[in-house]
Amino acid sequence: WSSREGDSSEARRRLERKPLPLERTKGSEILFGIAPCSLALSQSRRDLFRLFLKQSSGSRRLVMSEFVLQAMARGLPVHHVRRRELDALCRGHVHQGVCLEATPLRFKRLEEAEEPDLGDEKSANRQLIWLALEQIKDPMNLGALLRSAYFLGVDRVVTSKRNSCPLTPIVSKASSGAMEVFDVYSTDDLRSFLKAKIAEGWEVVGTVSKPEDVENIPVISCLEFQWNKPVIILIGSEGDGLSLETQLLCHRMLSIPPGRALHPGIESLNVSVATGKNSSDAQRHHSPN
């Protein structure tokens, strides 16, 4: 009898260690992380299905209670599960004890774009700044780009649809949830979009890591950049930068000077860091005249 009881206890422990099967709703995806899930719950941009919270105690209990209240306000079922269930749901990403089953977010079409709300009179005097992304493929980079753009006050982000990363849960997590509140537009033809904005009087400013690679286009340091008209900052892909076709549409190119002599192999910034620097300097050096 003692042996049978031992076998039964071991079997019970094995069952407890095995993650529960959690079937997803067709067409849904799993958001993960405190900021993305909280912001997705507070907005009405996704259809929501279920909220999964890690069984917790102590200081984390208050955070989880806030999630429960948000879910109750949306009439959303809440499941308290073990960490291994959450790990399985988000495939091992850092979930911070929270996962949310929801419909995916899609890029908006430019035809859906509304004129940005400039707010008060002081804001109305400033010029617009948009960010155009050409073939950004890495979801971590795209998320960091959106986070910087949202924080620094970029009015709109437009990305090329071809060979670009979609708006995935990894992008949302890397953006610290900015993707949940910030519209991102896409275009099938980035060149035509840029040509149309140039015809409307916008300036298109490209970015380059090696000024010596650029011919027939003025290259200036981002520290010297000033602008007095609506501007689009154009960012190229992680490996190749801007294509020659889009580069030739640029009025000027921006570079970021290094702060020291660089070792070979560390000759440029990550695309998201460089974008944050360029956008920040552009906002700081904006000339209202």
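**Whole chain**

This is a predicted model, in which local features need pLDDT of at least 70 and side-chain atom pairs count only at pLDDT 80 or more, while totals for chains, interfaces and linings use all residues. Residues are numbered from 1 along each chain as its sequence is written, and side-chain values use heavy atoms, with hydrogens and water left out.

Show the chain as a cartoon. It has 10 helices and 12 strands. Helices (H or I, at least four residues) and strands (E, at least two) are DSSP runs, numbered from the N terminus. Of the 289 residues, 41% are buried. Buried means under 20% relative accessible area, exposed means over 50%, and partly exposed lies in between (1.4 Å probe, protein chains only). Contact means heavy atoms within 4.5 Å. Among contacts between residues at least 6 apart in sequence, 86% join residues at least 24 apart.

**The four-stranded sheet**

Select E1 to E4. These four strands form an open sheet with mixed pairing, in the order E1-E4-E2-E3. Strands E1 (29-32) and E3 (78-81) stand at the edges with a single partner strand each, so one side of each has no neighbour in the sheet. From one strand to the next, the twist averages 25°. Two strands pair if DSSP finds at least two bridges between them.

Zoom in on E2 (residues 48-54) and E4 (residues 98-102). They run antiparallel and are joined by five bridges. Leucine 48 has alanine 102 in E4 as its bridge partner.

H2 lies across E1, E2 and E4, at about 45° to E4. Axes are lines fitted to C-alpha atoms, for helices over the stretch in contact, and angles run from 0 to 180 degrees between N-to-C directions.

Stop at glutamine 96, in the loop between helix H4 (83-89) and E4. Its phi is positive, about 60°, although it is not a glycine. Glutamine 96 is partly exposed, with a relative accessible area of 34%.

**The eight-stranded sheet**

Select E5 to E12. The order of this open sheet is E5-E8-E7-E6-E11-E9-E12-E10, and the pairing is parallel. Strands E5 (108-109) and E10 (219-221) are the edges, each pairing on one side only.

Pick E6 and E7 (residues 156-160). Four bridges join these parallel strands. Leucine 131 stands opposite valine 157 in E7.

Bring in two helices. H6 lies across E6, E7 and E8, at about 175° to E6. H8 lies across E6, E7, E8, E9 and E11, at about 155° to E11.

Between E6 and H6, find the loop with glutamine 135. Phi of glutamine 135 is positive, near 55°, in a residue other than glycine. At 17% relative accessibility, glutamine 135 counts as buried.

**The cores**

Show side chains. A nonpolar core is a set of buried Ala, Val, Leu, Ile, Met, Phe, Trp, Tyr and Cys residues joined through side-chain atoms within 4.5 Å. The largest one has 25 residues, and Leu131, Leu133, Leu142, Leu146 and Val157 have the most contacts inside it. Strand E6 (129-133), helix H6 (139-152) and strand E11 (231-235) each supply at least two of its residues. H6 gives the largest share, four residues.

Center on leucine 142. Beyond residues up to four places away in sequence, it touches Leu133, Ile136, Cys165, Pro166, Leu167 and Val171. A second, separate core has 19 residues, including Trp130, Val214, Cys250 and Met253.

**The rings**

Select Trp130, Phe193 and Trp202, which ring pairs link into a cluster. Rings of Phe, Tyr and Trp (its six-membered ring) pair if their centres lie within 6.5 Å; planes under 30 degrees apart count as stacked, over 60 as edge-to-face and the rest as tilted.

How far apart are the ring centres of tryptophan 130 and tryptophan 202? They lie 4.6 Å apart with planes at 55°, so the pair is tilted. Tryptophan 130 is buried at 5% relative accessibility, and tryptophan 202 is buried at 8%.

**Last stop**

Go to serine 186 in strand E8 (residues 184-187). At 6% relative accessibility, serine 186 counts as buried. Leaving aside neighbours within four places in sequence, serine 186 is in contact with Phe107, Lys108, Arg109, Leu110, Thr159 and Lys161.
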